[in-house]
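Please work through each task on the structure before reading its solution.

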Amino acid sequence: MAILGSGIGGSMLACILAKHGVSTLLLEGATHPRFTIGESLIPETGLRLRIVAEKYGVPEIGWIGTFQKLRKHVSSNCGVKRSFGFMYHRAGEANRPEEINQFGTLTPPVGPDSHLFRQDTDAFLAALSVKYGATFHSQTRISDITFGDDEVKLRADSGETYHAKLLIDASGMRSMVSDQLGMRDKVPRFRTDTRTIYTHMTGVRSADLLLDPKSRRNLISPLGQSTMHHVFDGGWMWVIPFSNHRDATNPLTSVGLMLDRRKHPEPQGAPEDEFRRIISDYPTVARHFAEANPARPWIRSGRIQYSSPQLTGPRLIQLPHAAAFIDPLYSSGMSVLIAAVDLIAESLLKAVQEDDYATERFKFMEDVVNRGFDHYDTIVSGSFDSFANYDTWNAWNRNWVMGSLLGTFGPLSLLMHYHKTKDRAYLEKTTEPSRIGVLGSHLPGVVDMAQSSRINMDAAMAGEITYKEASERIFAQFREIDFLPPYMGFGDPKKTATATFTLLPGARHVTWYRMHGDPVYRDNCTFPLTTYARDGAAFVRDEVRDAWRRSFTALRDVFFARNSDWRHIAPALAAHPDLVTLVPPIGPSTQVQAEFNDAAAPRSTASPTGAG
């Protein structure tokens with residue numbers, strides 16, 4: 001199996017395939033570490049990462065899906081994410097505190113989410129693939145690909161040739177496979193039409209400093225620990241800090257401006273000049289970046305959307321971002337990717353066993369991904385339209401909150417049932433048609449509500465009704481929905497933080513669905529609360545134990561140089577006993593010591609083969 005591209009998706013698949021004994025070649029044209037964006041996880045993504053880790057026996061994938069393990073085992077350069085934060089802005093005016101919307105992410109034992117410092121996480125996963133047995137070649141640029149009846153041949157710039165039974169294209173937006181085979185639509189099918197300017201910056205102050213103390217008290221969690229969105233008519237901006245927790249080691253903040261090309265059609269001046277000019281129209285945003293400076297060159301794009309009707313072909317599977325992209329709003333692209341990785345891995349492992357790589361085996365994955373992208377486009381394009389007025393934005397974004405809420409409950413339910421029973425049947429359910437959607441795109445009620453809201457938004461844009469009337473109609477429709485808890489306030493314009501997921505509110509959500517949900521939503525949104533509480537207690541216990549160990553080690557090292565730490569196998573290596581020498585629990589036996597001494601003894605320079 002050959003995988004072209006060692007980003008998160010390509011490296012993750014390489015780990016899974018190699019773990020299960022599939023000969024896997026991972027090819028990368030550049031080197032790690034490298035700069036890339038796509039840094040914000042969402043609850044649905046984190047849960048799917050943990051399920052994929054359990055399902056395919058690669059525990060390290062699960063570390064990416066939860067902040068505490070990511071910080072401990074992978075990189076302290078990543079940031080924490082406790083919510084999505086949105087500040088609405090009008091030109092020439094400061095933000096109005098009542099026009100701040102939030103949506104909370106999960107809390108321990110399964111949260112919070114993370115801001116991935118991709119330089120570290122991508123390099124970690126690429127190296128991990130080698131641990132599991134993949135062959136990884138970096139700085140290997142492929143110049144030609146030939147698809148045959150029973151193999152794929154890849155030729156590198158160096159002249160080296162590789163052969164594989166199937167090619168997985170994980171190369172992203174600059175996919176040479178798409179170019180060579182003409183797989184992409186000439187005009188993207190998506191309604192969203194945006195361009196971008198982005199970089200990493202230093203000196204970005206916490207968004208909480210933009211508010212007075214009274215306004216900060218109304219937040220469900222700090223804005224500085226959220227993926228922060230500045231929203232305005234014509235675009236939005238992401239602010240993703242990596243320095244927002246006590247153990248942080250990274251001073252950088254990812255910053256990007258997404259512009260609606262209907263209102264900002266062409267670049268104006270140098271990228272930083274355009275960035276500064278646009279934010280100068282919004283006093284609160286300008287304050288946020290008053291002391292900020294770019295840490296690397298700015299990147300600017302033309303239209304960022306692209307689409308493909310197919311993700312598969314003879315001897316070929318494309319990962320989602322090689323086939324299509326919409327916009328980073330709501331950070332759901334990674335969820336589409338993880339869902340695809342799960343589907344591809346499940347189908348491929350069966351294909352390898354049967355030596356049958358027929359395109360039809362992967363058709364379901366293609367349908368799920370395209371359905372997810374189309375639903376995501378509806379949510380994102382409607383959001384850009386709604387930015388024209390806070391009332392419509394406040395109403396429209398409930399469609400995303402609804403999809404995120406129900407899309408999160410599905411995998412959370414499966415994970416909790418698996419933790420309770422250890423029955424792998426719950427892990428296998430992740431790829432069932434009734435479970436495998438992004439932002440609730442597999443749930444008809446969610447899709448119908450988004451389409452109904454779209455009708456009202458279109459009417460407002462056409463001048464048939466006012467934006468305020470459109471928002472009132474959308475809120476009224478939300479109040480009529482019977483599969484959302486009334487107390488969450490989806491139909492209430494004043495309730496700008498509709499959900500939190502700490503233990504007691506989370507238990508309330510589950511109890512409501514258990515008592516009032518119809519069978520579809522009850523199955524999707526309920527799980528054993530005792531297991532959730534037990535996992536929460538285990539999380540606290542492990543954190544206390546870890547703090548005690550660190551304190552004891554610090555005290556010991558002040559007085560003693562001797563220690564037995566050399567016996568300890570770090571978590572990052574414990575899953576790979578073949579790569580480490582396990583130490584006997586009490587002390588090396590005479591035989592083990594003798595073997596060690598023998599292995600360390602000087603060897604004769606003479607070779608029995610005579611080959612020096």
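**Exercise 1.** Which element supplies the largest share of the lining of the second largest cavity?

*Solution.* The model is a predicted one, and the space in question, the second largest cavity, amounts to about 50 Å³. As a first step, list the lining, which consists of Phe86, Asn101, Gln102, Phe103, Asn397, Arg398, Trp400, Val401, Lys495, Thr496, Ala497 and Thr498. The largest share, 4 residues, belongs to α13.

**Exercise 2.** Describe the lining of the second largest cavity by residue class.

*Solution.* Sorting the residues by class gives 5 nonpolar, 5 polar and 2 charged residues for this lining.

**Exercise 3.** Determine which helices each supply at least two residues of the lining of the largest cavity, and how many nonpolar, polar and charged residues that lining has.

*Solution.* Begin with the volume of the largest cavity, which is about 70 Å³, in a structure that holds 3 cavities of 30 Å³ or more. Its lining is made up of Leu106, Phe409, Leu412, Phe501, Leu503, Gly506, Ala507, Val510, Phe527, Leu529 and Tyr532. Sorted by class, the lining of the largest cavity comprises 10 nonpolar residues and 1 polar residue, with no charged residues.

Definitions and conventions. Residues numbered from 1 in each chain as written. Predicted model: local features only at pLDDT ≥ 70, side-chain atom pairs only at ≥ 80, totals over all residues. Heavy atoms only, no water. 1 Å grid on protein atoms, 1.4 Å probe; cavity = no way out; pocket = protein on both sides within 12 Å on 5 of 7 lines; lining within 4 Å. Points joined across faces, edges and corners; volume = space filled by probe spheres on them. Nonpolar A, V, L, I, M, F, W, Y, C, P; charged D, E, K, R; others polar.
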